[in-house]
Every structure is written in C-alpha cells, then in structure tokens.
Amino acid sequence: MSNLDGGRVAARGFQYQYLRTLEALLAAWDRAEVVGCRIEGPAPGSTASAVDVVDFDLVDRQGGCLVAAQVKSAAPGQRVSAPEAFAVLAEMVTKCDAVIYELITAAVPDAKCRSLAVTLAAQNRCPMELRDTMAKLLAQAPQAHARLQALSTEEVERLGRCRIEFDGRDESALRRDLHDQLRQRRTQHRAGLGERSAGVILLYLTAEVLRRAATPQEAFWSTADFAQAVLVEDDVLIRALGRKDWAALYGPVAPVPDIIRPALLTKITEALTSADGSPDNVWSCVVTGLSGIGKSSTAAAYIAEHADKYDLIFFWAEASTAESLTASFRRLCGHLHGQPDDSRSGSSTDYLREQVHELLGALPGRWLIVFDDAFADTVASWIPRLGCGGVLITTVDDAGWTWARHRVAMDRMSTEQACELMTRRLALTDGDAERHGEDLASLAEALEGWPLAIELACDYLRSCGIPVDRMGQYRHALLTRALDDRFSIPHGYPRTLVAAVDLSWARLVDLLAGDQLLSRQVREVLGFLTNFAPQRIPIHMAAVSTFFTPQDVPTTPLPTAVDEDNVPLREIFRALVKVSFIRYTEPLAPLSSKSPVGIDDTVSMNAVLQQILRQYYEQAPGSKEALSRCAFHTDRWLCVSMEVGHADRSWELAQHADALVTHACRRDVKDNHTAVLLGNLVGFKKLQGEVREAIELLMLELAWLDEIDTPNEALQAQTRLHLTHAHQIAELPGEAGQTVQLLTPVLPYIERIRWEEPARNAVAVLAAEATAILEELLRRHAHDERLVRLYRAFTTLTDTLPIPSTVTEMAQARNVARLIEAGQTQAAERAAREALISIGEIWTGNSAEVQRILIEALAVQGGWQEAEAKFERFLAHTGPRSLHRFSEQMLVHNAGLSCALAWIGRGHELAAALLNRVVGEIDVGALSKQVPLIERTAIRYLRPWQQPAATTRQRSKRLCRNSGRTRSTRRRKRKPLGKIFSTVSSTGCVTSPARPRTSTTKSTARSC
C-alpha cells in the first residue's frame, strides 16, 4: 500500500470520525433520554481545550452529557498501547463531566491495552482499587503513571466510567453496516432503501455531520431532526436517483390475500433472513401444500410485507414446467440486461441459466426470486447458488427437497381466519357475522379451512342467491357442486378445486408414467385411503387392505402388515406425497417394543380432498369390495389394540372404524366383515360410556346380519349378547323382556357347537357372559320367571363347558365386586390381591375393575399410603383417551366418598391427600358428561373437597346427603395375544406366523 500524505491521512481520520458519529446516532435512536448529539461543539462554559478532547457527545434534555466520545482512526495494522489510551482518557476525565466516557479507536491494541479495557469495563470498583490496578498496568510508563497519581479522587471515579472500543472494521465494512442499519430503520417505518439509495442517504448524512462540525452554532443535531433526515420520503429518493432501486417487481405475481396468516409469514421470514451473516450464499425456503391452500398468495403477502428489505424483488417465475421456467428466465435475463424484449431467445437453456446466475451473483444489493408451483426435480438446476439473495419456492411436491435448508408446510386456515374470509366474501355486517357465527364456523370446519374451497362456496352462495341463514340446508351442494362450479372461481385462482385436484392427479400419472406396476399400485392405495378417516391412517393397514383379500391372510385374528421387501410401500406413499395428496404424520403408539420397524407409520389427508377423490373411486367397479376389505383389516387392528388395553392406539383406530361404518351404511355394504367391524366399534363406544349409541349400532348390526345370505352365526350370537349387555347397563324399560328375546336364540347355538373342539373355549366365554348378565338382571327382576328359566339353562350349560382363563378372570372380578358391595372389605381386599396375581401384569378391563376395588377397600380400612401407591398405577391408565371410563367414574365416586368422610369425621390428613389426588388428577369434567344426573351431582359435590383445608362440616352433611351407595359393574375382556403382528408377503404367504389364540376362533374374533 502506498504511503498517504498528511492531508489524506487527516481526511481519512475525519471520515472515520463522522461515520462513527452517525453510527452512535443510529444506536441512540430508541433511547428516550438522548435528545441530540453535539458534534465538535462546546458545551456551555466549556474551554477550548475541553472541546478538543471530545469529538461528539450525546446529551439529555437538560444539556447534560450522557456520553462523551473521542474517535481515533488508524492505518491498517497500527497499534495502540495502554499509556497512549490512558493519556486520551485522562484528558477527557479532567476536562469535561459525562456519565460515560468512550475512546473509539481503529488501532490494534497490545496486550496491556486490552487489559486496560477489561479493567475499565469491570463494574462497581472503588477509586482506590481502580487506581492501584491501573498503576500496575502503567508501572513501566513513568509519565502515564505520574499522570494517574496526579488525578483527584473524583477524576479517578470518572475514570471508572470510561470505556475503550476497539473497532477492527475497514471502511467498506463500516459503510456496509451503516447501510444495513439505515435499511433496518427505514423498514421499521415502511420506507424502502436499495444499495444506491442507501449510499445517497449516507452521503447526505456524512455531509451534514461535516457541516455541523464546521459551524459551532449548528453543532447540536437533535435526534428528531436526524430521524427526519434518515426517513426522507421515497419520492425524494426516486427523484434523486432517477428510478426506484428497491422492491422492484417483475413477473405475474399472485394477488396479495386480505386474510394474512402471521404464523406462516413468520416462518418464511425467519428462513429468508437467516442469511444476513452470509452475503454470498443464496438461502431458500420451500412452501409446500395442496393446490388452493394459499401458497402463492402467502408468497405474495411476504413480498408485500418485506419488500423494503430488498433492493430488487427480481422475479416471480412460473415454474410448473421446464418450458414455463425457460420462458420466465428469458424475461428475467432481459430485465437484467435492461432489455425487456430479450434478443437472446436463440440461446440454449443451459447458457441462459448460466447467464442469469452470473448476473444475479454480480448484483450489489439483496434480491429475491419466487419459483411458483415448482417440482424439486424440475427446478433444482434453475436455483442460483451464489449471490446476495433469497429463493422462495411454492409447490405441491412435499418430497424431494432434501437440499432445501428450510421448509414450511402450508396447512389449513384456522377457524377464525376462515370465518373472517367468509364474512368478507359474503359481505356480512358485524352483527350478521355474530348471529351466524356457529353456521360459519361449521362450514369452515366442513371445508377444512381450505381457502379455495371457502372462496368457491361463498361465491356459489352469492351467485345462486342463497341467503346466509339457509346455508345449512345447502351444505351438501356447497361440499359437492360448489367445488366444481366454474362460475364461482375467485380472482387470482386459475381453476376450481375439483379441477385443481384433477391437475394434481394428472401430474401424479405423468410422474409414474415409466413404471406401470408402481402407477397401478399407487392409484389402488389412494382409492383405499379414501375409505378411512382422514387423519393418521396407518400405512400398513391401508396397504394390506389394498393388496390382500381376507382369504389371503392368516387364520389367526392378528392384524396383518405387508412385507416391505416385496411391496414398494415407501415408493407408493412417496408418490402421493409429491402431489400433496397425503402427508406423513406422527406414528401410532407401538403395541410393544417388539413391533416391526415402521409398522405404526401414519399419513393424513385433507378431508375435502379425500371427499373429492372418494367420489371418483366410488364410481369404479369393485369399490364396495374395497370397503369390505378395509373393514376386515381395520377390525383386526382395532381388536388387538383393545385386547391389550392400548388406549391411545385404540382411539386412533376407532376413528377409522367409525368412518368405515359410516361409508358402509351410506353405500349399503352389508357383509360379515362390515358387521364384525360395526360390533367391535360398539365395544369401543361402550367403554366410553356411549351406551345409547352402542344400542343403536348393535340393532343395526343385527338387522344387517339378518339380511346377509350366509350370516356368521357366531357373530349373531355375540351381537345378541352385547346388545343384551348394553340394555342392562342402560337400565331401559322392558330390559327383562328384551333380554329373553335376545338370549333365547343363543342357547341352542351354544348347545349345538359346544362339543366342537376349536369352538369350546369361545362358547364357554359366551355362556359365562350370558350367565353374568342374567345374574345382574335377576338382582333387579328377581321374580321374572322367564329370566329365572333362562339363567338356569345357561348355568347348566356352563357346567358342561371348559373354564378358560378369561372366564376365570370374569368370575374373580364378579366375586371381588360382590364382597365390596356386601361390606366385606377385608375379604374384598384379599380376593382382589389374589385376582390381580392371577391376571398378571397386563392391564385389561377386569384388572382395572379389580384394581379399582382394591383401592376402595384399602381406603375404607384406612390404608391410605398403600391406596395412594395403587392409585399411582391406576392413574397411568386414565385420561381423555382411557378405555376404562367406568372404573374411573366409580373410583372417583366411591374412593372419593371414603376419603372425604374419613377426613371430615376423623381428621385423617392422608385421606385428604388421597382425595386431592383422586379428584384433581382424574379428568372429572370429562367423566361427569357421560354419567347419569345423580352421579354427576355426586361428582360435583366431591369437587369442593379437593382442597380439604378450605372445607367445612356443613359441606360434609351435604356430601353425605347427595352421595349414593357404593356400586360396581363388570366388564369382560380377553387376555392379550402373545404376538402382535403377522406379515403377509406379496405372494400371500405368512412370513412370520403368529401362534393362534386358544380362547376364540376366527369367526368369533371380537372385542367385548
């Protein structure tokens, strides 16, 4: 580097000083106590020497000096020592009074100078200690040491408020930082700034510092005037430059939505602003989602929100095909060359792409390109790799973006946003919107918050003259006809929702055109997926339904999974992900640690999309058989989850059973498979306390079985049994007559097959269940001769049958319940402990009841600590998705009552602690919604005792008056299976067979 003469050195020094003055003003922008900056200007009463030691100071409203600063430039590599830095600071503390003193230097500090800076930065040091520490640092510099010793105590105290800042930036880095700070300030006030315009503003501000430094009367620059200069109007900058150099936009941008989704914009903003520290890297963000979900409009909203952060939002590129990408880049190349009608149309695609990338990489300012409706394999080579810019991609392709640093999944609108959109499109007043709020919310949920679906439905309502108050009557039309109504296409959307789905379907076909087998498999799996509930569909359950008929699978009742070595399962679902027909979701909770890897993976679909696709598939031949196969396999998955007491998994599978039953009813698909599924869904609903709905479904199942040409007799018998049990639980009028009518045909069936060896255990369970139901009914109808005769017949029959473990468990549970009801608490405790040992560790319906009674027995006897320990285990099986709602209800009622009375009557603090846990940790609110009014009242009266210290004896009397006797009910459930899954290969063979269970045959594979 050539030597600079004195004049240039001085000029560089003043330039650095003035740029740092501007940086200090920008840093003080938000400090309310700072009202201005004095630039080379004397404070009132200051001497000339005082003015010389301060380059600028920040002042408050009273004129007091908040920060006094001296700025020292330096040649590259020039060093500064501790004595030199101390000399500057000593001059400042002796000649002016300030809250903070700063020495800002571009020189490189030596070791002692860094130690000096660290010493001064330490807080709350007394003057004497500070003087001693600094004396050691300056011991080898006699003049500086003498100067330190000459300072007064007050001056040393000021010295403790000094700071040294070492600035290692060169001039270009300092200017770049100032550009960014200016752009940030203007962006906060919705004003733009490009590279050239930032230079213009910075040049003006530097000149203004120079002017004020040269004119003592103008030395004070208020922060308000400084802000006004920074926030000069955009029009002024545009006139000065001759053109706008920020936020210029080229290309057919999508309309900006009037309902903004802030959470999504925040994610995109975070993705595209992460590159601030890497000016040469192009950062990208991929926005994925269904057609019409709002991806393009959200990209437009990002541009509208953050336009002033960019020097040039260069282009909105249509990226759906290679041809549209080439055309978009030709236009972009023309704009970069300043020739909108680009003459290079004859150049090759590769050369065109290289030219655009080179031009973008050479641009000085920030830019953004939006690739709209892209696919990963098509757009990858078109994305610039270097430059100060960002790339925003919208796509239905939810796979293949492994190279993208950031991905944002675009999902449905919230109900509130969807209602606001409908309110605007239907031109509703605030009063109308509030009055029809429930209808709007219901329609928003039915349309899954899908913006295009909402737009079409609203335009359909308005164009067809349908008033809002009749919205519910036209729901079917809104969910079918409106979605394909070309007269309702909203502005900014090229097609209807059905047409958008058709386009995605066509893309899927093109994507798989080279592999006919995979293409057929993908289309078949998609059709079967439309039969399930839209959320968390197990991929193995859907695939095995698609590829294997009931005759192809093992005769055991275990759920079946496909062999991924023979079926390209992941490739099938990847193809559906690439057009956003599905998305992977959280796997089901595993049945056991030995479950095969990937067996519990799930996918979800948009419900409206699923409905559109379902309409296609239901017109195809074989769609009813497909529904029956789905029912068969779903039943097997659900049965095992309920058998082993896996609550969360059972809840997830039950939603698919419910959906399949709904479709079977709608399409009149009546066979043994759908009937079995219907019955097992009933078992699930009974466990949740939905008894009346269970009765309706069981009656429907019986009607179906009567209509089937070859009904499963075992299934008919089980259905009659479960319907009888449901009547018994509901305590409906005429329950005795219903029981006789339902169970009488079961008796000859059991008598006929009781000697068939494969069925003996199954019929033994049937007979035992019937006996238990009749025994309970006879407690209410002891003199009904019909029940007595039927009970004797089943009892006699039971004596001739084997006693499998399930029957033993049922008998033990009934015995424990009888003892606790009879008040034989100690005997109930002993029987409960013996029953739990016999049942084992697996948590079933019987074990839940026995465990519950054991807790109650311990509570009645005052065994509070052990009762709480047993409650801890019981608690693990409770919650909003419990399979033991009745046991929870009875525990709250009975154990809660015992605890409350023990605390009130005898002052047992441990009883109060257990009560607090029982009422506080079990979801009492959910339980109270599913019990009779008298039980709901009892539970409500238990709630005040949750905090025992706040109770009174009067509440005790009210509690006793409203709480009934201790009761119990028995539920039956089979022992869990040894092996959970069997796997079927593409040839239909069992590759890892499961041991058949002995308690039932295939025809009676059913959960009670």
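A residue is called buried when its relative accessible area is under 20%, exposed when that area is over 50%, and partly exposed in between, with a 1.4 Å probe and protein chains only. By this criterion Phe226 is buried, with a relative accessible area of 2%. The structure described here is a predicted model, in which local features need pLDDT of at least 70 and side-chain atom pairs count only at pLDDT 80 or more, while totals for chains, interfaces and linings use all residues. Residues are numbered from 1 along each chain as its sequence is written, and side-chain values use heavy atoms, with hydrogens and water left out.

The chain has 44 helices and 19 strands, where helices (H or I, at least four residues) and strands (E, at least two) are DSSP runs numbered from the N terminus. Of the 1008 residues in the chain, 55% are buried. With contact taken to mean heavy atoms within 4.5 Å, residues 24 or more positions apart account for 73% of the contacts in the chain that have a separation of 6 or more.

Aromatic rings were examined next. Rings of Phe, Tyr and Trp (for Trp, its six-membered ring) pair if their centres lie within 6.5 Å, and planes under 30 degrees apart count as stacked, over 60 as edge-to-face and the rest as tilted. A search of the whole structure finds eight aromatic pairs. One of these is formed by Trp29 and Phe226, an edge-to-face pair with 6.2 Å from centre to centre and 70° between the planes. Trp29 lies in the loop between helix H1 (6-27) and strand E1 (36-39), and Phe226 in helix H10 (residues 223-230), so the pair ties together parts that are 197 residues apart in sequence. Trp29 counts as buried, at 19% relative accessibility. The rings of Phe329 and Trp382 have their centres 4.8 Å apart and their planes at 75°, so this pair is edge-to-face. Because Phe329 lies in helix H14 (residues 322-336) and Trp382 in the loop between helix H16 (376-379) and strand E13 (389-395), the pair ties together parts that are 53 residues apart in sequence. Both Phe329 and Trp382 are buried.

Two packed helices are described by the angle between their axes and the distance between the axes. Axes are lines fitted to C-alpha atoms, for helices over the stretch in contact, and angles run from 0 to 180 degrees between N-to-C directions. Helix H23 (residues 516-529) and helix H24 (residues 539-547) pack at an angle of about 110°, with their axes 9 Å apart. That angle makes H23 roughly perpendicular to H24, given that angles under 35 degrees count as roughly parallel, over 145 as roughly antiparallel, 65 to 115 as roughly perpendicular and the rest as oblique. The contact is made by Gln521, Glu524, Val525, Phe528 and Leu529 of H23 and by Ala542, Ser545, Thr546 and Phe547 of H24. These residues divide into five nonpolar, three polar and one charged, where Ala, Val, Leu, Ile, Met, Phe, Trp, Tyr, Cys and Pro count as nonpolar, Asp, Glu, Lys and Arg as charged, and the others, Gly among them, as polar. In the loop between H23 and strand E15 (537-538) is found Arg536, which has a positive phi of about 55° although it is not a glycine. Arg536 counts as buried, at 15% relative accessibility.

For helix H36 (residues 805-821) and helix H37 (residues 825-839), the axes come within 8 Å and cross at roughly 165°.

In helix H32 (residues 735-743), the buried residues include Glu735, Ala736, Thr739 and Val740. What covers the buried residues of H32 includes helix H31 (713-730), helix H34 (760-780) and H35. Leu797 is found in helix H35 (residues 785-799) and is buried, with a relative accessible area of 4%. Leu797 and Leu747 are 50 residues apart in sequence and 8.6 Å apart in space, C-alpha to C-alpha. Residues up to four places away in sequence not being counted, Leu797 touches Leu747, Ile750, Glu751 and Arg754.
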